[in-house]
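Please open the structure in a viewer and keep the selection tool at hand. The stops below say what to select next and what is to be found there.

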Amino acid sequence: MDSMFADITADSFSGVLDGIMELLPVVLPVVVGFIAFRKGWAWLKGQIKGA
């Protein structure tokens, strides 16, 4: 079992981490906007049902 992970070091993940850090400024506003849209849509439907 140890031999399977012997070649994995912190440097092995630097490329993956760099890719994630590059995507974060794009993905984070999209996720926040999607959550805000869902909350706004639910609020609007509630206001229409309550009227």
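Begin by selecting Val-26, which has its place in helix H1, made up of residues 14-50; the model is a predicted one. Is Val-26 buried or exposed? Its relative accessibility is 54%, so Val-26 counts as exposed, the cut-off for that class being over 50%.

With 37 residues at 1.5 Å a residue, H1 should span 54 Å. The C-alpha atoms at its ends are 52 Å apart, which agrees with that expectation. Where in H1 does a kink lie? Select Leu-24: the kink is there, with an angle of about 50 degrees, shortly before the proline Pro-25.

Move on to the aromatic rings. A search of the whole structure finds one aromatic pair. Phe-37 and Trp-41 form this pair, which is stacked, with 6.3 Å from centre to centre and 20 degrees between the planes. Both residues lie in helix H1, four residues apart, or about one turn of the helix. An α-helix has 3.6 residues a turn, so residues three or four places apart point the same way. Phe-37 is exposed, at a relative accessible area of 55%, whereas Trp-41, at 48%, is partly exposed.

For the last stop, select Gly-15, another residue of helix H1. With a relative accessibility of 49%, Gly-15 counts as partly exposed. Then select Arg-38 as well, 23 residues from Gly-15 along the chain; the C-alpha atoms of the two are separated by 34 Å.

Terms used. Residues numbered from 1 in each chain as written. Predicted model: local features only at pLDDT ≥ 70, side-chain atom pairs only at ≥ 80, totals over all residues. Heavy atoms only, no water. Helix = DSSP H or I, 4+ residues; strand = E, 2+ residues; numbered from the N terminus. Buried < 20%, exposed > 50% of the residue type's maximum accessible area, 1.4 Å probe, protein only. Phe/Tyr/Trp six-rings, centres within 6.5 Å; stacked < 30°, edge-to-face > 60°. Expected span 1.5 Å × (residues − 1). Bend = angle between axes of the 7 residues up to and from the residue.
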